[in-house]
Amino acid sequence: MNDAHASLPDDNRIARCCKPSSVSAAKMPMATAFALRREDAYLSVNWLEYFGTADVGAAIDALRCVSRRKGYQVRPNGRFAILGVGSAKTAGLASLGRKLRIERQPLPEDPSHSGIHGYTANDLAVQIELQALVSRQDVYPGVA
């Protein structure tokens, strides 16, 4: 799939880079990890299948490299949270009554870049629904 703004398949996975301030003492993402800033139209995530491997750990390693190339300083106490695309799309059903959209938003320096569309900075319930989808085995350290 090379189309910019194309919807990602439901059976694929996305990763959200969670800064240390949005990670709990138990090293799990908090709801704030899925909060939009008021100026954002979507929540930035990365499409893991872009990296061409079924091994999530290998895809996260590739994502760490992309993050460094972009100049992002991923900290050791930050985390990557993995979500299933299909599950994440339904995160708005309970609170908004509609499915969210997950689309590619490729950048020149990050072709895996994608976005979760369909909610705003005021939709705390969606943040909580997204957080609830993340289990311990879906969380990877920011730095290997």
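Which residues is Q127 in contact with, leaving aside its neighbours within four places in sequence? The views below take up this question in a predicted model, where local features need pLDDT of at least 70, side-chain atom pairs count only at pLDDT 80 or more, and totals for chains, interfaces and linings use all residues. Residues are numbered from 1 along each chain as its sequence is written, and side-chain values use heavy atoms, with hydrogens and water left out.

View 1. Leaving aside neighbours within four places in sequence, Q127 is in contact (heavy atoms within 4.5 Å) with A31, T32, F34, A35, Y119 and A121. Helices are DSSP runs of H or I with at least four residues, strands are runs of E with at least two, and both are numbered from the N terminus. Q127 counts as buried because its relative accessibility is 6%, where buried means under 20% relative accessible area with a 1.4 Å probe and protein chains only.

**View 2. The largest nonpolar core, with 24 residues.** A nonpolar core is a set of buried Ala, Val, Leu, Ile, Met, Phe, Trp, Tyr and Cys residues joined through side-chain atoms within 4.5 Å. I14, F34, I116, Y119 and L130 touch the most other members of this core. At least two of its residues come from each of β1 (13-18), β2 (43-47), β3 (79-84), α2 (85-89) and α4 (124-132), and β2 gives the most, with three residues.

**View 3. Contacts of Y119.** Not counting residues up to four places away in sequence, Y119 touches F34, L36, L43, L96, L100, V126, Q127 and L130.

Notes
Buried means under 20% relative accessible area, exposed over 50%, partly exposed in between (1.4 Å probe, protein chains only).
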